[in-house]
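Colleague: I am new to reading protein models. Could you take me through one, feature by feature?

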Amino acid sequence: MKHFSLNQCQSLSIIMNLNIQELHHNIKDLYTIIIINIIIIVVIHFILVVLFQMACSNIRYGAGVTKEIGMDLQNMGARNVCLMTDRTLSQLPPVGVVLDSLTKHGVEYKIYEDVRVEPTDKSFKAAIDFAKQGHFDVYVAVGGGSVIDTCKAANLYASHPEAEFLDFVNAPIGKGKPITASLKPLIAVPTTAGTGSETTGVAIFDFENLKAKTGIANRALKPTLGMVDPLHTLHMPSRVAANSGFDVLCHALESFTALPYNLRSPCPSNPINRPAYQGSNPISDVWARHALKIVAKYLKRAVRDAGDVEARSSMHLASVFAGIGFGNAGVHLCHGMSYPIAGNVKTHRARGYNVEHPIVPHGLSVVLTSPAVFAFTANMCPERHLEAAQILGKTHRSNIKKDDAGRVLADTLRSILYDLEVEDGLFAIGYTKEDIPSLVKGTIPQERVTKLSPRAHTEEDLTALFAASMKLY
């Protein structure tokens with residue numbers, strides 16, 4: 001056994017004390033590191049959006065469900081209902097079913113049938129004036145996205161009678177003010193299978209001075225109830241079914257490939273300022289995937305046979321599913337670029353639309369750029385692009401390199417469009433390369449959606465995307 005001298009013991013004691021002091025110092029350093037990390041996390045929290053919020057209208061689905069609307073209004077205690085539709089639909093069974101139900105249950109109403117297909121700021125204002133004069137306590141929208149969006153806007157501004165029109169329009173075109181007053185209940189009865197407007201807090205219109213679409217986006221606009229009656233879709237002409245279906249397709253693809261919610265910035269200082277479109281997220285992904293699967297199975301059938309109840313009903317549900325997905329995740333370049341395509345229309349008259357003005361239907365304006373867009377965005381999230389291509393075209397991902405994701409999805413989309421006899425690019429609807437600068441100019445203000453692109457882009461990139469979309473096949 002080794003013995004220590006007094007001096008050795010004193011030296012050992014000094015060494016132990018030094019080691020203990022060093023340990024204390026190290027512990028303090030550890031605490032410092034932990035505190036620094038906490039500060040970093042807090043800073044990141046306030047810089048980046050590390051949370052998301054899900055919002056959706058109540059949805060009631062089923063053949064013949066519209067017959068219940070009179071009872072719903074009666075249960076709400078409605079005394080003065082505003083029913084909005086367009087002139088074509090006002091003569092068709094969907095509106096007739098609603099009116100019969102209202103009459104049967106003694107609901108007082110006034111009808112507004114001057115909704116414009118592809119509404120403008122002017123047509124929005126006309127509907128708003130009607131709503132303000134009517135002092136309605138409940139709103140009912142029977143129609144496609146144009147009707148539902150117009151009704152949302154009428155409800156909003158009638159509930160804010162002192163507001164100027166641009167107060168709630170998305171920035172930078174409008175002021176993008178938050179909505180603070182409560183709106184009246186709104187029941188949406190969609191008659192097309194595409195926009196998903198019955199699920200969202202978004203209302204889109206053509207701003208005529210800019211020759212581009214913009215809109216109002218706020219959860220407060222969401223309908224109180226969406227009554228999804230698949231029988232109404234049986235009245236859609238073939239091309240309306242196609243273009244509505246293309247909107248479903250792009251809603252699902254864009255929300256699925258959008259910038260992830262936790263990479264967006266900045267985080268709003270107050271929840272009231274949180275945008276409706278928050279980036280791709282785990283819940284929206286579920287709806288987007290399922291919508292893509294339905295589109296892959298039923299879109300072509302729904303377009304080719306108006307009597308195919310299964311296909312048309314399924315596409316109606318796909319519209320709802322995609323609406324829930326993009327209504328919270330958002331869309332990106334296809335939609336951002338579509339707004340000037342529709343807004344700058346020259347003489348194109350879309351097949352199957354009974355309107356008196358030139359029109360590029362929304363779904364068509366969106367899908368024409370889709371091959372170019374997804375070829376461009378694929379390198380940021382190739383797995384998602386490949387998964388979408390596999391769902392839509394039954395492509396086996398194991399045989400494809402990630403570098404080819406954009407080409408594969410673009411080719412899959414071209415094949416779908418060719419099979420459904422879609423116009424051969426922007427050139428076929430009246431645009432030339434000389435129009436590209438104005439199309440780019442009209443896209444730049446659409447940052448509400450374009451900033452959700454997974455890949456950053458410049459004006460030169462947009463120019464190249466429009467050029468690539470001039471011809472598809």
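**Pocket, core and a buried histidine**

Modeller: The largest pocket holds about 820 Å³ of space. This is a predicted model, where local features need pLDDT of at least 70, side-chain atom pairs count only at pLDDT 80 or more, and totals for chains, interfaces and linings use all residues. Residues are numbered from 1 along each chain as its sequence is written, and side-chain values use heavy atoms, with hydrogens and water left out.

Colleague: How do I read a pocket?

Modeller: Rolling a probe the size of a water molecule over the atoms shows where empty space is left. On a 1 Å grid over the protein atoms alone, a pocket is an open set of points where a 1.4 Å probe fits, with protein on both sides within 12 Å along at least five of seven lines. Lining residues have an atom within 4 Å of a point. Points are joined across faces, edges and corners, and the volume is the space filled by probe spheres set on them.

Colleague: Which residues lie nearest the centre of the largest pocket?

Modeller: Val-117, Gly-144, Gly-145, Ser-146 and Thr-192, out of 44 lining residues. Helices (H or I, at least four residues) and strands (E, at least two) are DSSP runs, numbered from the N terminus. α5 (145–159), β6 (202–207), α6, α9 and α10 (362–367) each supply at least two lining residues. The largest share, five residues, comes from α6.

Colleague: What is a nonpolar core?

Modeller: A set of buried Ala, Val, Leu, Ile, Met, Phe, Trp, Tyr and Cys residues joined through side-chain atoms within 4.5 Å. Buried means under 20% relative accessible area, with a 1.4 Å probe and protein chains only. The largest core here has 69 residues, and Leu-392 and Leu-426 have the most contacts inside it. Helix α6 (residues 238–257) gives this core its largest share, ten residues. A second, separate core has 18 residues, including Ile-69 and Leu-225.

Colleague: Is His-332 buried or exposed?

Modeller: Buried, with a relative accessible area of 0%. His-332 sits in the loop between α8 (309–329) and α9 (333–343). Its side chain makes a polar contact of 2.9 Å with the side chain of Thr-257. A polar contact is a pair of N or O atoms within 3.5 Å; within protein, one must be able to donate a hydrogen and the other to accept it, and residues adjacent in sequence count only if both atoms are side-chain atoms.

Key
Buried < 20%, exposed > 50% of the residue type's maximum accessible area, 1.4 Å probe, protein only.
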